[in-house]
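Let's take a friendly walk through a protein together.

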Amino acid sequence: MMHNIKINSNQFLVLVIFFTIGTSILEVPSVLAAKTNQDAWITAIIGTGIGLLVVWLFTAIALWFPHLTYVQMNEKVFGKLIGNAVSVLFAMMSLLYASTLLFQSGNFFNTHIMPNTPLSALNILMAGVVVMGVYLGLETIARSAEIFGAFFIIIFIIFTVLIAPDIQVDHLKPVFEAEPKTMIKSSIFYVLMSSGNAIVLLMIFPAFVNDVKHAKKSFLLGNLIGGLIIILITFLSISVLGAGKTANEIYPSYELAKRISVGNFIERIEVLMALLWILSLYFKMILYFYATVLAIAQILNLKDYRPLIMPIGIITVVLSLVIYPNIIYKQNWDNTTGNSLTLVVGIIFPLLLVIVYGIRRKGLKKEVTK
(Lines give C-alpha, C1' and ligand atoms only; values in the text may rest on other atoms or scores of the structure.)
Protein backbone atom coordinates (compact mmCIF):
# COMPACT_ATOMS: atom_id res chain seq x y z
CA MET A 1 0.00 0.00 0.00
CA MET A 2 2.84 2.39 0.89
CA HIS A 3 4.41 2.01 -2.56
CA ASN A 4 1.40 3.79 -4.15
CA ILE A 5 2.06 7.00 -2.21
CA LYS A 6 3.87 9.71 -4.14
CA ILE A 7 4.32 13.44 -3.59
CA ASN A 8 5.82 15.85 -6.11
CA SER A 9 9.12 17.72 -5.78
CA ASN A 10 7.43 21.07 -5.05
CA GLN A 11 5.53 19.57 -2.15
CA PHE A 12 8.77 18.02 -0.89
CA LEU A 13 10.45 21.44 -1.20
CA VAL A 14 7.87 23.03 1.13
CA LEU A 15 8.23 20.18 3.63
CA VAL A 16 12.02 20.67 3.67
CA ILE A 17 11.60 24.44 4.23
CA PHE A 18 9.23 23.88 7.16
CA PHE A 19 11.52 21.20 8.60
CA THR A 20 14.61 23.43 8.33
CA ILE A 21 12.89 26.38 10.00
CA GLY A 22 11.12 24.31 12.66
CA THR A 23 11.69 25.77 16.10
CA SER A 24 14.79 27.63 14.88
CA ILE A 25 12.79 30.73 13.99
CA LEU A 26 12.19 31.40 17.70
CA GLU A 27 15.18 29.77 19.40
CA VAL A 28 18.28 29.99 17.19
CA PRO A 29 18.83 33.79 17.47
CA SER A 30 19.01 33.53 21.27
CA VAL A 31 21.38 30.54 21.31
CA LEU A 32 23.75 32.00 18.71
CA ALA A 33 23.73 35.48 20.31
CA ALA A 34 24.63 33.96 23.69
CA LYS A 35 27.84 32.55 22.19
CA THR A 36 28.86 34.98 19.45
CA ASN A 37 27.00 38.20 20.43
CA GLN A 38 26.40 40.55 17.48
CA ASP A 39 28.12 38.09 15.11
CA ALA A 40 25.23 35.63 15.55
CA TRP A 41 23.86 36.31 12.07
CA ILE A 42 27.30 35.57 10.54
CA THR A 43 27.38 32.34 12.54
CA ALA A 44 23.99 31.46 11.05
CA ILE A 45 25.45 31.99 7.55
CA ILE A 46 28.34 29.63 8.36
CA GLY A 47 25.88 27.09 9.78
CA THR A 48 23.71 27.25 6.67
CA GLY A 49 26.75 26.60 4.45
CA ILE A 50 27.87 23.58 6.51
CA GLY A 51 24.26 22.38 6.68
CA LEU A 52 24.03 22.29 2.89
CA LEU A 53 27.02 19.91 2.83
CA VAL A 54 25.20 17.62 5.27
CA VAL A 55 22.05 17.67 3.13
CA TRP A 56 24.15 16.98 0.02
CA LEU A 57 25.47 13.88 1.79
CA PHE A 58 21.88 12.74 2.46
CA THR A 59 20.89 13.23 -1.19
CA ALA A 60 23.95 11.28 -2.38
CA ILE A 61 23.02 8.35 -0.12
CA ALA A 62 19.38 8.50 -1.20
CA LEU A 63 20.22 8.36 -4.91
CA TRP A 64 22.11 5.10 -4.39
CA PHE A 65 18.81 3.52 -3.29
CA PRO A 66 16.07 5.34 -5.25
CA HIS A 67 13.23 3.06 -4.10
CA LEU A 68 14.11 2.58 -0.44
CA THR A 69 13.50 4.45 2.80
CA TYR A 70 16.34 5.11 5.26
CA VAL A 71 15.34 2.08 7.38
CA GLN A 72 15.44 -0.17 4.30
CA MET A 73 18.80 1.34 3.28
CA ASN A 74 20.25 0.49 6.70
CA GLU A 75 19.13 -3.14 6.38
CA LYS A 76 20.45 -3.36 2.82
CA VAL A 77 23.90 -1.94 3.65
CA PHE A 78 24.55 -3.06 7.25
CA GLY A 79 22.63 -6.35 7.16
CA LYS A 80 19.46 -7.22 9.07
CA LEU A 81 20.82 -7.31 12.63
CA ILE A 82 23.05 -4.20 12.62
CA GLY A 83 20.77 -2.37 10.18
CA ASN A 84 17.75 -2.85 12.44
CA ALA A 85 19.77 -1.77 15.48
CA VAL A 86 20.70 1.48 13.70
CA SER A 87 17.08 1.94 12.61
CA VAL A 88 15.75 1.38 16.15
CA LEU A 89 18.01 4.18 17.41
CA PHE A 90 16.83 6.33 14.49
CA ALA A 91 13.18 5.68 15.37
CA MET A 92 13.86 6.46 19.05
CA MET A 93 15.48 9.76 18.09
CA SER A 94 12.50 10.70 15.91
CA LEU A 95 10.05 9.80 18.69
CA LEU A 96 12.07 11.75 21.25
CA TYR A 97 12.22 14.85 19.06
CA ALA A 98 8.51 14.67 18.27
CA SER A 99 7.95 14.70 22.04
CA THR A 100 10.30 17.65 22.60
CA LEU A 101 8.48 19.68 19.95
CA LEU A 102 5.15 18.78 21.54
CA PHE A 103 6.51 20.05 24.87
CA GLN A 104 7.69 23.28 23.24
CA SER A 105 4.35 24.00 21.60
CA GLY A 106 2.48 23.38 24.84
CA ASN A 107 4.98 25.38 26.89
CA PHE A 108 4.79 28.33 24.50
CA PHE A 109 0.98 28.44 24.55
CA ASN A 110 0.96 27.96 28.32
CA THR A 111 3.47 30.78 28.89
CA HIS A 112 2.37 33.42 26.36
CA ILE A 113 -1.21 32.79 25.27
CA MET A 114 -3.20 30.38 27.50
CA PRO A 115 -1.63 30.50 31.02
CA ASN A 116 -4.65 28.97 32.79
CA THR A 117 -4.86 25.90 30.55
CA PRO A 118 -3.00 22.79 31.81
CA LEU A 119 0.05 21.81 29.77
CA SER A 120 -1.30 18.28 29.41
CA ALA A 121 -4.50 19.56 27.74
CA LEU A 122 -2.51 21.69 25.28
CA ASN A 123 -0.21 18.79 24.42
CA ILE A 124 -3.12 16.38 23.90
CA LEU A 125 -4.86 18.85 21.57
CA MET A 126 -1.72 19.39 19.45
CA ALA A 127 -0.94 15.66 19.43
CA GLY A 128 -4.48 15.00 18.20
CA VAL A 129 -3.88 17.22 15.16
CA VAL A 130 -0.54 15.49 14.46
CA VAL A 131 -2.06 12.02 14.81
CA MET A 132 -4.91 12.95 12.48
CA GLY A 133 -2.46 14.29 9.88
CA VAL A 134 -0.32 11.14 9.91
CA TYR A 135 -3.42 8.95 9.78
CA LEU A 136 -4.59 10.79 6.62
CA GLY A 137 -1.20 10.07 5.03
CA LEU A 138 1.84 11.69 3.46
CA GLU A 139 -0.03 13.10 0.46
CA THR A 140 -2.43 15.00 2.73
CA ILE A 141 0.46 16.30 4.83
CA ALA A 142 2.27 17.48 1.68
CA ARG A 143 -0.83 19.21 0.21
CA SER A 144 -1.54 21.05 3.45
CA ALA A 145 2.14 22.12 3.64
CA GLU A 146 1.82 23.56 0.13
CA ILE A 147 -1.17 25.68 1.16
CA PHE A 148 0.31 26.90 4.43
CA GLY A 149 3.75 27.40 2.84
CA ALA A 150 2.45 30.28 0.69
CA PHE A 151 0.70 31.78 3.72
CA PHE A 152 3.93 31.48 5.76
CA ILE A 153 6.05 33.31 3.17
CA ILE A 154 3.52 36.18 2.78
CA ILE A 155 3.26 36.74 6.54
CA PHE A 156 7.04 36.55 6.96
CA ILE A 157 7.59 39.19 4.24
CA ILE A 158 5.01 41.50 5.88
CA PHE A 159 6.69 40.99 9.26
CA THR A 160 10.13 41.80 7.80
CA VAL A 161 8.90 44.97 6.10
CA LEU A 162 7.16 46.22 9.27
CA ILE A 163 10.17 45.64 11.56
CA ALA A 164 12.79 46.97 9.11
CA PRO A 165 12.44 50.66 10.22
CA ASP A 166 13.55 49.65 13.75
CA ILE A 167 16.92 48.30 12.57
CA GLN A 168 19.86 49.98 14.30
CA VAL A 169 23.14 49.35 12.49
CA ASP A 170 25.12 50.17 15.65
CA HIS A 171 23.78 46.98 17.23
CA LEU A 172 25.75 44.99 14.62
CA LYS A 173 29.10 46.57 15.49
CA PRO A 174 31.86 45.57 15.86
CA VAL A 175 31.61 42.94 13.13
CA PHE A 176 33.69 39.75 13.48
CA GLU A 177 34.43 40.41 17.14
CA ALA A 178 33.92 36.72 17.98
CA GLU A 179 36.83 34.39 17.26
CA PRO A 180 36.48 32.21 14.12
CA LYS A 181 36.85 29.06 16.26
CA THR A 182 33.93 30.16 18.49
CA MET A 183 31.76 31.00 15.47
CA ILE A 184 32.35 27.64 13.81
CA LYS A 185 31.77 25.77 17.08
CA SER A 186 28.51 27.69 17.65
CA SER A 187 27.36 27.07 14.08
CA ILE A 188 27.53 23.31 14.73
CA PHE A 189 24.52 23.62 17.06
CA TYR A 190 22.54 25.19 14.23
CA VAL A 191 23.76 22.57 11.72
CA LEU A 192 22.64 19.71 13.98
CA MET A 193 19.28 21.36 14.68
CA SER A 194 18.31 22.19 11.10
CA SER A 195 20.32 19.83 8.86
CA GLY A 196 21.59 16.88 10.93
CA ASN A 197 18.02 16.07 12.00
CA ALA A 198 16.98 16.18 8.34
CA ILE A 199 18.04 12.53 8.15
CA VAL A 200 14.37 11.79 8.99
CA LEU A 201 13.42 13.16 5.55
CA LEU A 202 15.08 10.07 4.04
CA MET A 203 11.92 8.25 5.16
CA ILE A 204 10.18 10.25 2.38
CA PHE A 205 12.96 10.98 -0.13
CA PRO A 206 13.51 9.27 -2.50
CA ALA A 207 11.02 6.40 -1.94
CA PHE A 208 7.82 8.50 -1.92
CA VAL A 209 8.75 11.34 -4.30
CA ASN A 210 7.73 10.98 -7.95
CA ASP A 211 10.67 12.87 -9.52
CA VAL A 212 13.85 11.98 -7.68
CA LYS A 213 16.24 14.24 -9.63
CA HIS A 214 14.10 17.33 -9.10
CA ALA A 215 13.47 16.30 -5.51
CA LYS A 216 17.23 16.26 -4.90
CA LYS A 217 17.35 19.93 -5.92
CA SER A 218 14.28 20.55 -3.74
CA PHE A 219 16.08 19.03 -0.75
CA LEU A 220 19.06 21.37 -1.18
CA LEU A 221 16.98 24.42 -2.16
CA GLY A 222 14.52 23.91 0.71
CA ASN A 223 17.39 23.72 3.20
CA LEU A 224 18.90 26.88 1.71
CA ILE A 225 15.60 28.83 1.82
CA GLY A 226 14.98 27.73 5.40
CA GLY A 227 18.53 28.77 6.26
CA LEU A 228 18.08 32.20 4.67
CA ILE A 229 14.93 32.77 6.75
CA ILE A 230 16.84 31.87 9.94
CA ILE A 231 19.74 34.14 8.93
CA LEU A 232 17.30 37.00 8.32
CA ILE A 233 15.41 36.53 11.60
CA THR A 234 18.74 36.35 13.49
CA PHE A 235 19.93 39.52 11.75
CA LEU A 236 16.69 41.33 12.64
CA SER A 237 16.84 40.16 16.27
CA ILE A 238 20.39 41.43 16.70
CA SER A 239 19.92 44.69 14.80
CA VAL A 240 16.64 45.61 16.53
CA LEU A 241 16.92 44.15 20.04
CA GLY A 242 20.73 44.18 20.38
CA ALA A 243 22.94 41.17 21.13
CA GLY A 244 22.45 41.29 24.91
CA LYS A 245 18.64 41.28 24.89
CA THR A 246 18.55 38.69 22.09
CA ALA A 247 20.75 36.35 24.16
CA ASN A 248 18.66 36.85 27.32
CA GLU A 249 15.28 36.21 25.67
CA ILE A 250 14.05 32.62 25.25
CA TYR A 251 12.04 33.62 22.17
CA PRO A 252 13.69 36.81 20.81
CA SER A 253 11.81 36.87 17.50
CA TYR A 254 8.52 36.85 19.45
CA GLU A 255 9.77 39.87 21.41
CA LEU A 256 10.82 41.38 18.09
CA ALA A 257 7.25 41.22 16.81
CA LYS A 258 6.06 43.12 19.91
CA ARG A 259 8.19 46.10 18.80
CA ILE A 260 6.20 46.59 15.61
CA SER A 261 4.15 49.78 15.72
CA VAL A 262 2.94 51.49 12.57
CA GLY A 263 1.27 54.86 13.21
CA ASN A 264 -0.02 53.66 16.60
CA PHE A 265 -2.51 51.64 14.55
CA ILE A 266 -0.81 48.34 13.65
CA GLU A 267 0.51 47.01 16.97
CA ARG A 268 0.80 43.83 19.04
CA ILE A 269 1.01 41.56 16.02
CA GLU A 270 3.28 39.10 17.81
CA VAL A 271 0.49 36.60 17.35
CA LEU A 272 1.56 36.47 13.68
CA MET A 273 5.08 35.41 14.73
CA ALA A 274 3.51 32.81 17.02
CA LEU A 275 1.44 31.59 14.07
CA LEU A 276 4.55 31.25 11.86
CA TRP A 277 6.34 29.34 14.60
CA ILE A 278 3.40 27.00 15.25
CA LEU A 279 3.11 26.25 11.52
CA SER A 280 6.80 25.35 11.11
CA LEU A 281 6.85 23.48 14.42
CA TYR A 282 3.72 21.51 13.47
CA PHE A 283 5.13 20.31 10.15
CA LYS A 284 8.50 19.44 11.71
CA MET A 285 6.71 17.53 14.47
CA ILE A 286 4.46 15.67 12.06
CA LEU A 287 7.49 14.65 9.94
CA TYR A 288 9.25 13.31 13.04
CA PHE A 289 6.10 11.43 14.03
CA TYR A 290 5.54 10.08 10.52
CA ALA A 291 9.18 8.90 10.36
CA THR A 292 8.76 7.21 13.75
CA VAL A 293 5.66 5.18 12.93
CA LEU A 294 6.87 4.28 9.42
CA ALA A 295 10.31 3.27 10.71
CA ILE A 296 8.85 1.04 13.43
CA ALA A 297 6.40 -0.49 10.93
CA GLN A 298 9.24 -1.33 8.54
CA ILE A 299 11.48 -2.70 11.31
CA LEU A 300 8.59 -5.00 12.36
CA ASN A 301 7.76 -5.82 8.71
CA LEU A 302 4.19 -4.50 9.03
CA LYS A 303 2.26 -3.78 5.83
CA ASP A 304 0.66 -0.62 7.24
CA TYR A 305 1.88 1.88 9.84
CA ARG A 306 -1.59 3.07 10.81
CA PRO A 307 -2.20 0.56 13.67
CA LEU A 308 0.87 2.08 15.36
CA ILE A 309 -0.31 5.70 15.20
CA MET A 310 -2.54 5.79 18.28
CA PRO A 311 -0.27 3.89 20.72
CA ILE A 312 2.81 5.84 19.64
CA GLY A 313 0.78 9.06 19.80
CA ILE A 314 -0.08 8.30 23.45
CA ILE A 315 3.60 7.57 24.20
CA THR A 316 4.56 10.89 22.56
CA VAL A 317 2.14 12.83 24.77
CA VAL A 318 3.40 11.10 27.94
CA LEU A 319 7.02 11.72 26.98
CA SER A 320 6.28 15.40 26.25
CA LEU A 321 5.02 15.82 29.84
CA VAL A 322 8.07 14.29 31.53
CA ILE A 323 10.99 14.92 29.17
CA TYR A 324 11.78 18.45 30.42
CA PRO A 325 11.13 19.30 34.10
CA ASN A 326 11.76 22.97 33.32
CA ILE A 327 13.13 25.28 30.61
CA ILE A 328 16.67 25.40 32.15
CA TYR A 329 16.86 21.60 32.01
CA LYS A 330 15.67 21.76 28.39
CA GLN A 331 18.42 24.18 27.36
CA ASN A 332 21.08 22.05 29.04
CA TRP A 333 19.69 18.81 27.53
CA ASP A 334 19.53 20.33 24.05
CA ASN A 335 23.15 21.51 24.24
CA THR A 336 24.51 18.19 25.52
CA THR A 337 22.45 15.00 25.10
CA GLY A 338 20.33 16.28 22.22
CA ASN A 339 23.33 17.43 20.18
CA SER A 340 25.19 14.17 20.84
CA LEU A 341 22.18 12.09 19.79
CA THR A 342 21.78 14.05 16.55
CA LEU A 343 25.53 13.85 15.88
CA VAL A 344 25.47 10.06 16.16
CA VAL A 345 22.20 9.36 14.31
CA GLY A 346 22.26 12.25 11.82
CA ILE A 347 25.96 12.46 10.95
CA ILE A 348 28.03 9.47 12.13
CA PHE A 349 25.62 6.70 11.08
CA PRO A 350 25.18 8.13 7.53
CA LEU A 351 28.98 8.42 7.22
CA LEU A 352 29.34 4.79 8.33
CA LEU A 353 26.72 3.86 5.74
CA VAL A 354 28.81 5.61 3.07
CA ILE A 355 31.96 3.74 4.15
CA VAL A 356 30.26 0.31 4.19
CA TYR A 357 28.54 1.07 0.88
CA GLY A 358 31.97 1.91 -0.59
CA ILE A 359 33.32 -1.46 0.58
CA ARG A 360 30.29 -3.47 -0.65
CA ARG A 361 29.53 -1.29 -3.67
CA LYS A 362 29.59 -3.90 -6.45
CA GLY A 363 27.38 -6.39 -4.62
CA LEU A 364 24.90 -3.74 -3.46
CA LYS A 365 24.59 -2.26 -6.96
CA LYS A 366 23.57 -5.64 -8.33
CA GLU A 367 20.98 -6.07 -5.55
CA VAL A 368 19.50 -2.60 -6.12
CA THR A 369 19.22 -3.04 -9.91
CA LYS A 370 17.55 -6.46 -9.67
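A nonpolar core is a set of buried Ala, Val, Leu, Ile, Met, Phe, Trp, Tyr and Cys residues joined through side-chain atoms within 4.5 Å. Keep in mind that you are looking at a predicted model. Its largest nonpolar core has 127 residues, and Ile 25 and Phe 219 are those with the most contacts inside it. Helix α12 gives the most to this core, with 21 residues.

Now turn to helix α12, where you will find Ala 291. Is Ala 291 buried or exposed? Ala 291 counts as buried because its relative accessibility is 0%, and the cut-off for buried is under 20%. Beyond its neighbours within four places in sequence, Ala 291 is in contact with Ser 94, Val 200 and Met 203.

Our last stop is the largest pocket, which holds about 450 Å³ of space. Helices α2, α5, α8, α12 and α14 are the elements that each give two or more residues to its lining, and α14 gives the most, with nine. The lining has 28 residues in total, and Glu 27, Phe 189, Met 193, Lys 330 and Asp 334 lie nearest the centre of the pocket. What kinds of residues make up this lining? They divide into 13 nonpolar, ten polar and five charged.

Notes. Residues are numbered from 1 along each chain as its sequence is written. This is a predicted model: local features need pLDDT of at least 70, side-chain atom pairs count only at pLDDT 80 or more; totals for chains, interfaces and linings use all residues. Side-chain values use heavy atoms; hydrogens and water are left out. On a 1 Å grid over the protein atoms alone, a cavity is a set of points where a 1.4 Å probe fits but cannot get out, and a pocket is an open set with protein on both sides within 12 Å along at least five of seven lines; lining residues have an atom within 4 Å of a point. Grid points are joined across faces, edges and corners, and a volume is the space filled by probe spheres set on the points. Helices (H or I, at least four residues) and strands (E, at least two) are DSSP runs, numbered from the N terminus. Ala, Val, Leu, Ile, Met, Phe, Trp, Tyr, Cys and Pro count as nonpolar, Asp, Glu, Lys and Arg as charged, and the others, Gly among them, as polar. Buried means under 20% relative accessible area, exposed over 50%, partly exposed in between (1.4 Å probe, protein chains only). Contact means heavy atoms within 4.5 Å.
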